[in-house]
Structures are given as structure tokens and as C-alpha cells.
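Trainee: I'd like to learn how to read a protein structure, one feature at a time. Can we go through one together?

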Amino acid sequence: MATSKKRIGIVGARGYTGAELIRLIAAHPALELAYVSSRELNGQRVENNIDGYQGDLRYSSPTAEELPALDADVVVLALPNGKASAYVEAFDAAGKDPVIVDLSADYRFDNSWYYGLPELTRDKWRGEKRISNPGCYATAIQLSVAPLKDLLAAPPVCFGVSGYSGAGTTPSDKNDPQKLRDNLMPYSLTGHMHEKEASRHLGIPVEFMPHVAPHFRGLTVTTNLYLSRALKREDVLARFQHAYEGEKLVHVLDEAPWVSRVAGKHHAEVGGFTLSADGKRVVVVATLDNLLKGAATQAIQNINRAIGVDEYAAIPL
């Protein structure tokens, strides 16, 4: 464990994921907050907005060009899609090379950035300091498909349901509790960004249909997999158990997981494993907290590895 703490800055800390990151960093033995930026909260004390955080830090609103001078060792970009490049370019122009973890989709298709889904890409990391954090749905999809990828006879078909925190804090139909009450709201039924992301990183086409539900946090992905040869249920279960053996943040269950049981937790759950009578179709269910393993917790995993500490430091197991 490093003896001196690394300084970390969060850009775009107003959102739900930014708040979760602040809580995790506040308890981290090797990290200390250097700054948290938010135009909307500029000047306010962080502790006034984050339960459990104690300190004198206030939100600030530096420009992209001002960030390199703040000398953080690690920078997390928690920005909407399409906004990260200005900040990355500012560090390049200033000749600064901190660890940068981007939580948006902007660099998930860039081969020069490490795609950090540790349970599936840990062995591909070559010390890169530019890390693209996977999407929440894309994480659940890939964890559901990877152990059977070599046996697929057709593209996986994934039905997703997320709590409305996944729609962020900017008001919209997808995060309006009144419109979601007693409702299930489908959207982006083809071509969703996480469909493209999972397809790219699995190396196979994936079909994905997302929905928003009235609960606040946590998501469920139910995936239908057609197999090239018949399997028994114990074969499927054994493949998943082997794939995630020793992984502290992926729990393989015999029964189908419930989203209510994973909300507020830092791990993903994968289970169900229901086969058709001919053994050539299997349905897998995965759940995770979209703000944690789907975002903030996974970012901490990637940061920990990049700064040379235990991958699970500060992550409640």
C-alpha cells in the first residue's frame, strides 16, 4: 500500500455517480480529494450535499484549461457523453499525464484507451493511464454473455430494466417519478450506446432493449442465448463459476437475482440459468447497482490498479 496519498479530482461531481465517488474516495486509504467540480454547485461545501462526507472542500468550477495546473494525480471525468475530449486535450496541451478515468462513452471505442471491465479485461491492461470506464448495462450484458461466447449460435438478445437514476439528474421523462409511477418506459430499442459497446468488446453482435422502471437504483438484464450445441444446466453453471472464480465483485447465484437485493451493493450478481427442453437455449439474469458496479465502484477498481494499490481498496465487500 502506498504511504503517501494520491490527489484525485472529479470533474462533473453534481450527479449521482459523482456523489458515490466522493463517498468512496473519502474512505480511501490511498486517495485524497483535490477538487470536485460542478458549475451548478460552485462554492457550496461538499459536506452539505454528500451524506457522510466531512471536510472543508467546496465545489469549484475550473475550465478545462485550468485543470492541469491543479496537479491531481488522478482525474475522473463524470460528464455527459461528448464532453470529455476538451478536458483530455487540455492535459495533453499542458504536457500533464495524470491517470484519467472517463465515465462517459466517449473513449469506449478508442483502442488507445484501456477499457476497464476488470473481470473480463484485467489481463489486457498494459499500464495505460487513460482508462475508459464501461457503461452500466454494458457491464451486465458482458458478464452475462462472456462465459458462453464460444458456444453461441445467434446474437444474444438482452432485455434491460433500470432504475431512473440511470437517466441522470437532468430532468426528462425517464427520471420523472410521476411519469414512471406504475409504468415501464421503453426507449432506444435498437442502437443503444450500450448495445454498440457490448458488441464491440464481446466481439459479437448483441441485441439490447432497455427500459426504465419506477425504482431509483439498480438494473436487471435478462439475456436469451441460443447455443450451437446442447448443454445441461450444471454445465452452464460450471462455466460461470469457473469464469468468475475468485472475483470478489461478481457473485454467481443458482437462482435468478433480484435487483432489490443488489441496490446499494458494490458487486454484480449473475444467475437463473434456465435452459430450454432441448438444452440449446439458456436464459441468464444479471443485476447490479448502476451507480456502483455500473459506474463508481468500477472506477475505483480501475483507479486502484492504476496507482498500484489493492484493486478492492475502499470498496466494501
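Trainee: How many bridges join strand E2 to E3, and do the two run parallel or antiparallel?

Mentor: The general idea is that strands of a sheet pair through backbone hydrogen bonds, either parallel or antiparallel. Keep in mind that this is a predicted model. Here, E2 (residues 31-37) and E3 run parallel, with two bridges joining them.

Trainee: On to cores. Which residues touch the most other members of the largest nonpolar core?

Mentor: In soluble globular proteins, nonpolar side chains tend to be buried together. In this model the largest nonpolar core has 40 residues, and Ile141, Phe240 and Val270 touch the most other members. Several elements supply at least two residues each, including helix H7 (233-243), strand E13 (268-275) and strand E14 (281-288). Helix H4 gives the largest share, seven residues. Apart from this core lies another, of 36 residues, with Ile22 and Leu103 among them.

Trainee: What is phenylalanine 240 in contact with, leaving aside neighbours within four places in sequence?

Mentor: Its contacts include Leu143, Leu148, Val252, Val270 and Val284. Ser144 and Pro147 are on the list too.

Trainee: Is histidine 194 buried or exposed?

Mentor: Buried means under 20% relative accessible area. Histidine 194 has 10% relative accessibility, so it counts as buried. You'll find histidine 194 in helix H6, and its contacts beyond four places in sequence include Arg108, Tyr137 and Phe208.

Trainee: And alanine 93, buried or exposed?

Mentor: Exposed takes over 50%, and alanine 93 is exposed, at 71%. That residue is in helix H2 (residues 85-94).

Trainee: Last one: where is the kink in helix H9 centred?

Mentor: An α-helix has 3.6 residues a turn, so residues three or four places apart point the same way. H9 (residues 292-307) has a kink of about 35 degrees, centred on glutamine 298. Of its 16 residues, 15 are buried, so H9 is largely enclosed by the rest of the structure. Just after H9, glycine 308 takes a positive phi of about 85 degrees.

Methods
Residues are numbered from 1 along each chain as its sequence is written. This is a predicted model: local features need pLDDT of at least 70, side-chain atom pairs count only at pLDDT 80 or more; totals for chains, interfaces and linings use all residues. Side-chain values use heavy atoms; hydrogens and water are left out. Helices (H or I, at least four residues) and strands (E, at least two) are DSSP runs, numbered from the N terminus. Buried means under 20% relative accessible area, exposed over 50%, partly exposed in between (1.4 Å probe, protein chains only). Two strands pair if DSSP finds at least two bridges between them. The bend at a residue is the angle between axes fitted to the seven residues ending there and the seven starting there. A nonpolar core is a set of buried Ala, Val, Leu, Ile, Met, Phe, Trp, Tyr and Cys residues joined through side-chain atoms within 4.5 Å. Contact means heavy atoms within 4.5 Å.
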